[in-house]
Amino acid sequence: MSGTIRLISPARAGPIGSSPAAPERPAFDPGQRRQILVSGPGGEAVHKLPGRLKLSELLDRYGVQPDRIRAVYLGWPAGQFFPCEPDRELELDCETVCLAGREACMVDLLARLALDMRTAACGRCVFGREGAYQLHLILSDIAAKKGRSADLDRLTELGGAMRTQCACTLGQAAGGSLLSALALFRPEIEAHITKKICPALVCRPFISYYIDPALCTGCQACADSCGEEAIAGRKGFIHVLDRTLCEACGQCRAACPQGAIKAVSEGLPRLPAKPVACGAWR
Amino acid sequence: MRLTIDGRTIEAAEGQTVLQAALAHDIYIPHLCKHPDLEAAGGCRLCVVQVKGRDGVVPACETPAEDGMEVLTATEEALHIRRMSMELMLASHPSECTDCPKYGNCELQSLYQYLDASAERWRTKGRPMPEDASNPLIRHLFVRCIRCGRCVRACNELRGVKVLDYRRDRQGVRIGTEGGVSLAEAGCRFCGACVEVCPTGAITDAAGLLDPALPRIKALVPCRSACPGEIDIPAYLRSAARGDWAAAAAVIRERTPFPAVLGSICPHPCEDRCRRGAVNEPLSICRLKRTAAEAGGEQWKTRRRRDPATGRRAAVVGSGPAGLTAAYYLAMKGHDVTVFEALPKPGGQLRVGIPAYRLPDALLDGEIAAILEGGVALRTGVRIERPAELLEQGFDAVLVAAGTHKGTVLPLKGRDLPGVLVNTAFLREARLGPIPAVGERVVVLGGGNVAMDCARTALRCGAKQVTVACLERRDEMTASPEEIDEALDEGVGLCSGVTFLSIEGEERVSGVQVQEVAAFHFDENRRAVITPREGTERLLPADTVIFAVGQSPDGAADMGLALCRGAYLQTGEDGGASVPGVFAAGDVVTGTRSVIEAAAAGRRCAQSMDRWLGGDGDLTEPLRAPSEPDPYLGRTEGFAGRKRLAAERRPAQDRRWDFAPVERMPGAGAGACEAARCLQCDLRLRLGRNKFWNEYPNGREGV
Ligand code: SF4
Ligand code: SF4
Ligand code: SF4
Ligand code: SF4
């Protein structure tokens, strides 16, 4: 529904055992074409790509219009965010590229990224291990509407410390990823914390569904689809959704042939309290 | 090279890191994942410092000291990173310390107090992990683990056992064995290095393992602290495991001149305390002494050094383990020593109390010969009635170590009948000859090891049926389980839990009247208070009855020396008896104890006597080249499961007829295998420790 990036199965885990923390990687050669996993609104695909190319070429290869993409993330789980500027020259010193679609919520994406960082951390150093752990706890709290006012400062502090104090490049890069995300998406994250809204309407605790009385035909498809029995109504009546029961799963929204079910994260319109005959509501 | 730390100029050695140089000069820089015996890992970032001319802060543990370097340990950034690291560690750490086994002795606890750090700025959430008390000796409480990796480095790099490592699970990274198998299955050597280096309560000694009555270093090597002779057990086992039996023999000989004797008959309290017992079975510590004595050769003699003659003379009354041990060490200190023995042969209880099938004459003779060779004169067949008179005959000090050669006879009716014998005399005759005559049916009264010796000797003297009768129930008997088993195997009968009413017979013994006991205890005068079971009286038919219910000094009362507890010689702290210049040690002072206790008492007394004679009382005798144990144990597959070397005994039907040795002692090959089972519990004592901040002058000043 949201068109967010399908996350790549938990990243190539860092090394484990008493082998050195950072794996030996061959030096980056921009002239060499390599297999790169690109994921985005249209799913995952492997492309053979040169080490350097324009973002527009990458989007072309993947098959998506630039206006459908809001940010690009190079690397996984540690990497760097870039805004979607088609002329930007990219250096693909990574194995994966993530294209965050217009519909993506960056808090949701970052929380999942942090979970992968947490599981991929080799565990040798405090800032890598506990840093990623805190990142995940803080970001998933924010996504769960439990953000605290100091969280942005904490994240900034953590990102900076991880970038300089992690013992291996993986952890340092994780700190860098966070800082690049904060630079680009700070207002969106802040909205989750202070205004308690998810502008992309992805993070469920922020979402309120309602049935637009002007569009509902009383077909009952939504009520049938709801597992929580949160929708009341009879045939030919405008249906009414009880938000105290709704789990924001989005089933009804998919079921409604009229597109009458809508989501907001703030400001509900005036709605009937009980089902009324279609056409009777003004 | 010289560098300055916070303005103080210090000298650093080539190859030292900034942290090492600082600590060496008693300048405290906080550190946690660094341990003196382990490579730096740079993981905890508590030791970050600012180096002038460089960007940011760097971990001092990984920064080589350089000439002219200027280091600042407490810049704002360093303090910030340091405290933040601690906060992050605490955020996933249990918040309660008081129920932690490491409470009060924890590096983490001390450091967060020092840094005044708390986790409250962060999300506090632990990573649950149940306590694991299923391993022997070692308790894992990984919920308190801060993943500093010290245990991993100790187990892998220092010990080479490679059991513990970082493992990944759903919660992230933790410490554990591969696949989460038990330590034993993973190949652990139970060396305790991980316990020793863990800064937190995550890896500790199993609850209740260490004897709280002992100081830590003694409690950690329980075999050595259980040995009355303080023999360095792990050291000789280590040499033996290498096949270096000469060194093994030397280690034992540094503490006693009786390795082969002890290796044959010591009751080995060390084995009861051996930590390997918790893994599977204790080491065969005792028998390996005998192997060492035999396989070790005489190389130790080349290092034996007798001090120059002092011109002082010492007399020793009694040639048992206490007397001969003291005589040997006094001779080594340069004194002129004469041992007086009332019996025709030396050895005391070793000679006449312990049957030859347990301690053959040849073996004893060999060990005594080595003592005499050290410069001890022996006069057998001389009974000294009044030891103090020896002082008048030109001796400067006298040791009374006359032992307990008078067997106890209970005041039973019929005790004077012909056919009633007493342990001491009976065993003495069996040893010195002629072999005593016993009847066909023998009843031995008593439940200790001496009773077993009497019973088995009676069999060998021709008895057809031998029964041991005693007050204790089988599981309460003071005889060691092995000796009871050996006796029963040879056909000795047991009638336990009975009280003796009378010895029956007209002209000769015809039996012992006994009655079953419902309960008994000893009163404050150590007299047995017995509740018999009504109507259970019965007669054990016998034509010979042997008392084996105890023994006491023979003639001590007439020595002209003060007594205590009735029959025993009274001594002061230093072993001195009531007449200055006269000392006493061994069973004649303590009552019947083990050979090693008597020998240890003899050694202690020799120290006092040496001082009395003008020496320094130092009996230390290095008999081996100094050597460092190899801390790298390496992997040994199936180490934990390796079985204890089984004793090889002649079949009971064969051995019960003669006095030839019952047990075949392990040879050098099998012995080395057995010795290699040792956990080397002393190794971990060689590991250093991180001093706490308050042990440094600048640490006490605070952050
Ligand atoms: S168990 Fe102890 S030594 Fe090992 S990583 Fe954890 S805290 Fe460090
Ligand atoms: S081998 Fe030693 S360091 Fe390794 S787990 Fe066993 S006891 Fe600990
Ligand atoms: S490991 Fe140390 S800091 Fe942690 S609970 Fe135990 S005593 Fe406290
Ligand atoms: S394992 Fe070795 S060092 Fe440890 S108690 Fe047993 S004999 Fe002594």
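## Buried area between chains B and A

Buried area is the accessible area, taken with a 1.4 Å probe, that two parts lose on being put together, summed over both. In this predicted model, chain B and chain A bury about 2,800 Å² between them. Carbon and sulfur atoms account for 52% of that area.

The contact (heavy atoms within 4.5 Å) draws on 36 residues from chain A and 31 residues from chain B.

A salt bridge here is a side-chain nitrogen of Lys or Arg within 4 Å of a carboxyl oxygen of Asp or Glu. Across the interface of chain B and chain A there are 4 salt bridges. One of them joins the side chains of D151(A) and R123(B), at 2.7 Å from N to O.

## The chain B side

On the side of chain B that touches chain A, the elements giving two or more residues are α2 (76–91), β7 (165–169) and β8 (172–176); helices (H or I, at least four residues) and strands (E, at least two) are DSSP runs numbered from the N terminus. The most comes from α2(B), with 7 residues.

By residue class, this side of chain B holds 12 nonpolar, 9 polar and 10 charged residues. Asp, Glu, Lys and Arg count as charged; Ala, Val, Leu, Ile, Met, Phe, Trp, Tyr, Cys and Pro as nonpolar; the others, Gly among them, as polar.

## Domains of chain A

Chain A is assigned domain 1 (30–195) and domain 2 (207–277), with bounds from an automatic or database domain assignment. Their centres, taken over C-alpha atoms, are 35 Å apart.

## Basis of the values

Residues are numbered from 1 along each chain as its sequence is written, and chains are lettered from A in the order in which they are written. Local features need pLDDT of at least 70 and side-chain atom pairs 80 or more, while totals for chains, interfaces and linings use all residues; side-chain values use heavy atoms, without hydrogens and water.
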